[in-house]
Amino acid sequence: MNYASFENEFQGKRALVTGGTQGMGLAIVKRMAGAGATVLTTARNVPEDYPIPNVYFVQADVTKPEGTAAIVDAVHKKLGGIDILINTVGGSSSPAGGALALTEEHWLEELNTNLLGSVRLDRSLIPVMLEQSKGVIIHVSSIQRTMPLYESTLAYAAAKAALTAYSKGLSNEFAPKGIRINTIAPGFVQTEAADRLIDRLAVTAGSREAALKQLMDSLGGIPFGRPGMPDEVAELAAFLASDRAAAIHGSEYVIDGGTIPTV
Ligand SMILES: NC(=O)c1ccc[n+]([C@@H]2O[C@H](COP(=O)([O-])OP(=O)(O)OC[C@H]3O[C@@H](n4cnc5c(N)ncnc54)[C@H](OP(=O)(O)O)[C@@H]3O)[C@@H](O)[C@H]2O)c1
């Protein structure tokens, strides 16, 4: 393999990146399209001014079976097949207050957002990859799968743990058939949403620096000294999606500036 030339390494590749209108998903779309991939992305809200040209978009909610069905339909109609599936959508909307504040609905919402949306897309698109004996799937989990926080995100952490375990089993089954499946586990990443949270906390913390420190302290600190940036996660995703990572199957790559303190 010529490792020196990978500028256009995704030329001719068709990629679905879910949740590509903000945060890490947007950075991943930019990175993949920038290296030549034809990209389809998704979100619940149609972006007003999408910053990356020539990207297909389908409006869909991945927490609902009809949402993932619409995405699969768009994969066939707009991409004509698929080589790379990056399941980026995830997040938590549960209230604070610990485990007992979480209702049945909160649990189902977190499982649908952080596990079942990916399961449904994989289940529909793996057969397409099997036909060509080749494909790449990436799941975006979280360091909370090994470091669960319980104040407001216990269901999220549990769903991400399930996603990582599911990803490993899926890889065990499909690696022999040419499909490479891996997981990325980010720590605190400074997305636009994180920036807005920092702005809100700055009102009581006194400054943005103090607010950022407060957030980093809530994780036990980040040895690297700052959160990760969406572009840095996108770079990891691009590497894992590329043939440079041909021998990497069933792994989880943590990108957290050293936040997890143990091996
Ligand atoms: N940010 C962090 O510090 C951090 C840390 C660890 C792990 N993660 C994980 O990394 C991934 C990306 O996080 P992020 O912070 O970059 O996300 P983000 O900035 O909140 O962006 C989320 C993207 O997904 C879309 N989305 C959200 N819910 C959706 C749904 N139900 N159906 C379809 N699209 C949906 C959003 O658009 P719409 O709202 O318009 O649907 C948006 O495009 C997630 O899996 C998250 O759990 C994040």
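**α3 against α4.** I looked up how these helices run and found α3 and α4 roughly parallel to each other, because their angle falls under 35 degrees. Helix α3 (residues 104–132) and helix α4 (residues 154–174) pack at about 15°, with axes 8 Å apart. I took axes as lines fitted to C-alpha atoms over the stretch in contact, with angles from 0 to 180 degrees between N-to-C directions. Helices here are DSSP runs (H or I, at least four residues), numbered from the N terminus. I then listed contacts (heavy atoms within 4.5 Å). The α3 side includes W107, L111, L115 and I126, and the α4 side includes Y156, L163, Y166 and F174. By class, I noted 16 nonpolar, 2 polar and 3 charged residues in this contact. Asp, Glu, Lys and Arg count as charged; Ala, Val, Leu, Ile, Met, Phe, Trp, Tyr, Cys and Pro as nonpolar; the others, Gly among them, as polar.

**Model notes.** The model is predicted; local features need pLDDT of at least 70, side-chain atom pairs need 80 or more, and totals for chains, interfaces and linings use all residues. Residues are numbered from 1 along each chain as its sequence is written, and side-chain values use heavy atoms, without hydrogens and water.

**α2 against α3.** Next I checked helix α2 (residues 65–79). Its axis comes within 9 Å of that of α3, crossing at roughly 30°. I therefore logged α2 and α3 as roughly parallel to each other. Among the residues that meet are I71, V72 and V75 in α2 and L121, L125 and V128 in α3. I counted 7 nonpolar, 4 polar and 1 charged residues by class.

Conventions
Helices (H or I, at least four residues) and strands (E, at least two) are DSSP runs, numbered from the N terminus. Angles under 35 degrees count as roughly parallel, over 145 as roughly antiparallel, 65 to 115 as roughly perpendicular and the rest as oblique.
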